[in-house]
Amino acid sequence: MPSESGKVVCVTGAGGFIASWLVKLLLQKGYTVRGTVRNPADPKNSHMRELEGAKERLTLCRADLLDCQSLREAIYGCDGVFHTACPVTDDPEQMLEPAIIGTKNVIIVAAEAKVWRVVFTSSICTVYMNPNRAPDKVVDETCWSDLDFCEKTKNWYCYGKMVAEKTAWNEARKKEVNLIVINPVLVLGPLLQSTVNASVLHILKYLTGSAKTYANSTQAYVHVKDVALAHIIVYETPSASGRYICAESVLHRGELVEILAKSFPEYPIPIKCSDDMRPRSKPYKFTNQKLKDLGLEFTPVKQCLYETVKSLQEKGHLPLQRCIQDFKWISAL
Ligand SMILES: NC(=O)c1ccc[n+]([C@@H]2O[C@H](COP(=O)([O-])OP(=O)(O)OC[C@H]3O[C@@H](n4cnc5c(N)ncnc54)[C@H](OP(=O)(O)O)[C@@H]3O)[C@@H](O)[C@H]2O)c1
């Protein structure tokens, strides 16, 4: 464990949704952060410079996951690495190489730099995507998705994350890197960046009228601040080890739209299921006990959804329908 004065850490993909929160909390805790981005001058990274403590303790380093030398420049001299950077896409051309080779490169460079620990952001999709799992099985950190199933169903994001996590464990074992993995479910919550990332888009489509119906399926959710905190807690706990499922609860899409409609009735939230002939899909069971045992208190999903929508409004991604209506009423006077 590095000493308090030596808390220099690298966060890859620092301008992303989860990483921005991670950098924010690390700066709040007094860490000095080297955040890698592919283009420090890109306006989409400008929010990073506004974070409290950024002026004094954040450096944005230009780095690409496929360029080891650029990673060396960011990682050498750090006590730890948080590897979050990864494309979030189902396009195999864009996904596989940065996810898999990029992760291997980060572990290799972290080993060369002799950092104390690497925390890798994997995903629940390396854990639960398995058609042979018994319906009542509680999904825990011993579960692995079925790689052939991901390939057959052309789920290239899950395939890429699976191979990336396996590669990370193999490489860490070979190079004696102290590796911890976080496996988050779908992450929601307030955006720090100005753009909308893929997981928050999942909610936006139910508010804009672009989704006319909801699917007969389930999804697990977690608050972005809890995901960022989970990374820091496992980094700072010397006894932490292995994988950590980071999830608050699983909802059927019908429950999700009901919660959204209760808090935000002004939006055209779908009320019809696209497939109500089939029995209602059941949520899978999971445990988040490992992170709870380390002291993480998860934000309830209703609060998480509320904060997500509020943030989408504040960032200008959703019309403030109520305000518009109020304004019309006032201007009619
Ligand atoms: N959000 C979720 O629901 C969720 C759930 C489970 C796991 N995760 C994992 O959490 C991590 C962050 O996700 P996020 O939702 O925060 O995504 P995000 O906002 O899209 O951020 C992804 C970051 O990865 C960087 N990146 C992509 N390709 C790169 C490359 N070739 N070289 C260097 N950087 C590259 C991007 O940097 P640029 O700015 O340079 O493009 C971006 O900052 C990912 O590993 C994702 O798989 C996310």
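1. **Helices α4 and α6.** In this predicted model, P92, M95, L96, A99, I100, T103, K104, I107, I108 and A111 of α4 meet W156, Y157, Y159, G160, K161, V163, A164, T167, A168, E171, A172 and K175 of α6. Contact here means heavy atoms within 4.5 Å. By class, this contact has 15 nonpolar, three polar and four charged residues. Ala, Val, Leu, Ile, Met, Phe, Trp, Tyr, Cys and Pro count as nonpolar, Asp, Glu, Lys and Arg as charged, and the others, Gly among them, as polar.

2. **Geometry of that pair.** Helix α4 spans residues 92-112 and helix α6 residues 156-175. Their axes come within 9 Å and cross at roughly 15°. The two helices are therefore roughly parallel to each other. The crossing of α4 past α6 is right-handed. Helices are DSSP runs (H or I, at least four residues), numbered from the N terminus. Axes are lines fitted to C-alpha atoms over the stretch in contact, and angles run from 0 to 180 degrees between N-to-C directions. Angles under 35 degrees count as roughly parallel, over 145 as roughly antiparallel, 65 to 115 as roughly perpendicular and the rest as oblique. A crossing is right-handed if the near helix is turned clockwise from the far one by less than a right angle, left-handed if anticlockwise.

3. **Model conventions.** Residues are numbered from 1 along each chain as its sequence is written, and side-chain values use heavy atoms, with hydrogens and water left out. As the model is predicted, local features need pLDDT of at least 70 and side-chain atom pairs count only at pLDDT 80 or more, while totals for chains, interfaces and linings use all residues.

4. **Helices α1 and α8.** The axes of α1 (residues 17-28) and α8 (residues 224-236) come within 8 Å and cross at roughly 60°. That makes α1 oblique to α8. The crossing is right-handed. From α1, F17, I18, W21, L22, L25 and L26 meet V224, K225, V227, A228, L229, H231 and I232 of α8. This contact has eleven nonpolar, one polar and one charged residues.

5. **Ligand.** There are 25 residues around the ligand (a heavy atom within 4 Å). Nearest come R38, T84, Y157, K161 and V187. For V187, a polar backbone atom is 2.8 Å from one. A backbone N or O atom of I18 lies 2.9 Å from a ligand oxygen atom. For G16, the value is 3.3 Å. Note that I18 also meets α8, and that Y157 and K161 are among the α6 residues meeting α4.

6. **Helices α9 and α11.** Helix α9 (residues 253-263) packs on helix α11 (residues 301-314) at about 60°, axes 10 Å apart. That makes α9 oblique to α11. The crossing is right-handed. L256, I259, L260 and S263 meet K302, L305, Y306 and V309. The residues divide into six nonpolar, one polar and one charged.

Definitions and conventions:
A polar contact is a pair of N or O atoms within 3.5 Å; within protein, one must be able to donate a hydrogen and the other to accept it, and residues adjacent in sequence count only if both atoms are side-chain atoms.
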